[in-house]
Amino acid sequence: MLKVNNLRAEINGKEILKGINLEVRPGEVHAIMGPNGSGKSTLSMVLAGNPSYDVTGGSVEFYGKDLLAMSPEVRSHEGLFLGFQYPVEIPGVSMVNFMRAAVNAKRKYFGMEPMSASEFLKMMREKRSVVELDNKLASRSVNEGFSGGEKKRNEIFQMAVLEPRLSILDETDSGLDIDALRIVAEGVNKLKSADNATIVITHYQRLLDYIKPDIVHILYKGRIVKTAGPELALELEERGYDWIKEEVERKDAEQRR
Amino acid sequence: MEESIRQYIELYEHHRDALCSHSIPAMNALREQAAGHLRHARLPRLGSENYEITSLSELLGKDYGVNINRLPMDVNPAESFRCGVPRLSTSLFLTINDRFALTPISTNGLPAGVTVCSLNSQGAVPSEIIGRYYGGLASLDNPIAALNTLLAQDGILIHVARGTKVDKTIQLVNILQSAVPLMAVRRVLIVLEENAEVNILACDHTQNNTVDMMNLQVVEIYAGAGSRLEYYEMEESSVRSVRLSALYAEQSADSHVTINGITLYNGVTRNEYYCRFTGKGAELSLCGMGIEDGERRLDTYSHVEHTVGYCHTDELFKYVLDDSSRGAFTGLVRVDEGAVKTEAYQSNRNIVGSGEARMYSKPQLEIYNDDVKCSHGTAIGRLDEMQLFYMRSRGLAEEEAKLLLKQAFLSDVIEKVRLSHLRERLTYLVERRFAGGEDACLSCKGQESCGEVDMNIEY
Ligand SMILES: Nc1ncnc2c1ncn2[C@@H]1O[C@H](COP(=O)(O)OP(=O)(O)OP(=O)(O)O)[C@@H](O)[C@H]1O
Ligand SMILES: [Mg+2]
């Protein structure tokens with residue numbers, strides 16, 4: 001479904017992604033790990049179409065279409081979802097109105113009539129239960145005054161509402177207590193199917209205990225430097241990143257020679 | 001004498017008798033004095049102090065007609081008064097241009113103790129009140145007030161007797177409608193005696209966008225001790241209209257006054273607010289919002305004076321500007337030496353969208369004692385990129401996301417509206433304003449249940 005080919009991107013003239021290659025197929029769960037500042041969030045932002053980032057090279061195919069040519073909203077309609085590392089607060093816009101606008105925008109894109117009020121409320125109720133999101137949060141302004149954990153739950157709630165084909169979850173586990181982590185992970189698993197795929201960006205094995213990845217990538221200095229099975233995450237948990245960094249440095253040195 | 005003033009002075013001199021014959025002595029008594037001030041006035045121009053975007057000299061220099069002989073206008077109110085705030089059950093009064101008119105539901109549900117009438121009413125209560133209060137606050141040094149005082153022939157008196165609480169909102173609908181360029185000179189006098197309570201909604205409607213129209217208005221508000229007033233003004237006029245309004249309020253001890261000026265559609269508008277306290281423990285909430293696009297101009301000037309202690313001012317103005325529109329906010333809060341324990345907060349926040357829009361903001365505090373809590377702030381910014389992207393990533397089109405953010409930006413001014421019906425209605429009108437872009441009445445197509453009121457009116 002997703003083919004990322006030699007993707008390069010920069011922000012404010014600083015190159016962050018230096019040639020990313022990645023392929024995701026339906027039904028797969030990928031984990032992307034890597035030290036702070038290596039470009040994980042940048043990759044997720046670029047895939048979701050944040051206009052603050054400039055793509056300077058490479059291509060991305062999403063179900064055979066050119067993802068990079070689409071606006072962020074069309075990417076969403078086509079089934080891409082980004083769970084933000086830092087969900088954005090929007091005072092004055094209620095969650096309910098926000099979600100209604102989102103749902104109806106997608107329906108419009110597919111030539112469907114807006115959802116009726118009762119249908120919509122019923123759906124909101126159902127989806128809320130997926131992540132046990134408090135009803136009170138749904139009636140408040142988007143993320144305003146939500147705790148860190150509530151914001152992350154709210155991301156999964158929105159994902160449940162939008163039913164994406166590919167979800168990129170950027171550190172959805174950080175800031176969650178143990179119960180919330182379980183609820184969020186179960187939510188993700190409930191929404192999993194043979195047709196959709198998930199990319200989880202995380203620093204911790206504990207999330208991967210719940211959401212079992214098929215493939216684990218390590219992103220370092222803007223490149224995917226290692227790809228392996230789930231055992232790689234366990235190895236990182238034990239050994240940290242130093243050996244990866246050394247490996248990369250060694251290879252670079254060899255290349256230079 | 002200034003050229004743009006001369007035409008009005010000459011008009012007055014030539015038609016003095018006709019002008020005075022239609023009005024009560026209290027109004028006529030001040031005309032000579034007003035003329036005296038105007039003869040020596042120097043009208044503010046673009047860039048004069050506190051006039052960043054409005055040139056009175058230029059605006060008043062145009063040739064508007066004044067309805068000296070009080071000819072009834074050929075206006076079909078059912079046609080003109082469409083949008084308003086329907087579904088809000090109010091006691092409805094009209095001024096058509098500057099002529100007072102009753103509607104069949106004018107006095108429905110108003111308790112005894114409330115007088116709403118033309119300034120030219122002959123009754124004993126109005127005469128006594130008008131005689132006592134008319135012109136008491138409006139300063140003739142202000143050219144807007146002076147010109148209004150010179151030419152005003154009619155307007156509205158709202159008087160609420162001591163201890164009277166009015167549940168029903170009093171709605172004043174001002175309709176500007178004319179086939180030829182016209183200046184409507186309207187005067188409003190609001191007097192709340194001790195412990196009186198009332199909510200007033202004044203809506204300006206201009207349907208016509210082919211004829212130049214000026215609305216020259218002066219409002220004087222006296223809030224007696226312990227009284228409560230909520231006064232909302234909503235402008236839904238057209239790009240060819242000019243509104244020059246000067247509002248003067250004086251608050252006695254422990255009174256609570258809310259003034260909220262809402263500009264949804266306009267042409268060129270200058271709203272001035274002059275507020276002062278004469279007794280301790282009074283509270284003023286002065287707020288407003290404006291949505292400007294195209295070539296529209298919105299200029300707010302406010303002057304709040306704390307001469308006595310223990311009073312509270314909360315001031316908030318918010319604008320959203322797009323295209324080539326211009327906005328200005330000049331606000332002065334002055335706290336005198338003796339005004340201890342004053343609390344005064346002033347804030348002006350603006351979003352300048354795409355295009356050439358400009359905002360001038362000048363909040364000012366002048367404080368002459370230490371025992372106060374005051375703050376002021378201003379912000380002029382763009383829509384937040386990250387908020388926009390977040391919304392778009394959920395599937396909202398860029399335009400829709402912007403629209404929601406602009407609406408959200410104004411939401412705290414709307415939240416300040418305590419009348420829940422009006423708040424809901426306003427939320428809807430703002431939404432439609434951002435979505436539609438066209439002038440309200442022109443885009444309404446009559447589906448707004450405007451016809452609810454049977455519009456047989458009496459002058
Ligand atoms: N607006 C910006 N201007 C310049 N540099 C930026 C900007 N935003 C991010 N960066 C830089 O880009 C690099 C990659 O950041 P990114 O957020 O993608 O890292 P990350 O892998 O997600 O890290 P973390 O694990 O801490 O979330 C960092 O060095 C960061 O400082
Ligand atoms: Mg990150």
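1. In which helix of chain B is B:E32 found? The model, which is a predicted one, places B:E32 in helix 3 of chain B, a helix that covers residues 31-39.

2. The exposure of B:E32 deserves a remark. Its relative accessibility is 39%, so B:E32 counts as partly exposed, since that class lies between the limits of 20% for buried and 50% for exposed.

3. Beyond the neighbours within four places in sequence, the contacts of B:E32 are with B:Y12, B:R16 and B:R39. Two of these residues also meet B:E32 through side-chain polar contacts: the one with B:Y12 is 2.7 Å, and the one with B:R16 is 2.5 Å.

4. B:N350 lies 318 residues from B:E32 along the chain, and 42 Å separates their C-alpha atoms.

5. In chain A, attention turns to a sheet. Four strands make up this open sheet, with antiparallel pairing and the order 2-1-4-5. Its edges are strand 2 (14-24) and strand 5 (65-66) of chain A, each of which pairs on one side only.

6. Strand 1 (residues 2-11) and strand 4 (residues 54-62) of chain A run antiparallel and are joined by seven bridges. Opposite A:D54, in strand 4 of chain A, stands A:E10.

7. Helix 1 of chain A, residues 40-48, lies across strand 1, strand 2 and strand 4 of chain A. The angle at which this helix runs to strand 1 of chain A is about 110°.

Technical notes. Residues are numbered from 1 along each chain as its sequence is written. Chains are lettered from A and ligands numbered from 1 in the order in which they are written. This is a predicted model: local features need pLDDT of at least 70, side-chain atom pairs count only at pLDDT 80 or more; totals for chains, interfaces and linings use all residues. Side-chain values use heavy atoms; hydrogens and water are left out. Helices (H or I, at least four residues) and strands (E, at least two) are DSSP runs, numbered from the N terminus. Buried means under 20% relative accessible area, exposed over 50%, partly exposed in between (1.4 Å probe, protein chains only). Contact means heavy atoms within 4.5 Å. A polar contact is a pair of N or O atoms within 3.5 Å; within protein, one must be able to donate a hydrogen and the other to accept it, and residues adjacent in sequence count only if both atoms are side-chain atoms. Two strands pair if DSSP finds at least two bridges between them. Axes are lines fitted to C-alpha atoms, for helices over the stretch in contact, and angles run from 0 to 180 degrees between N-to-C directions.
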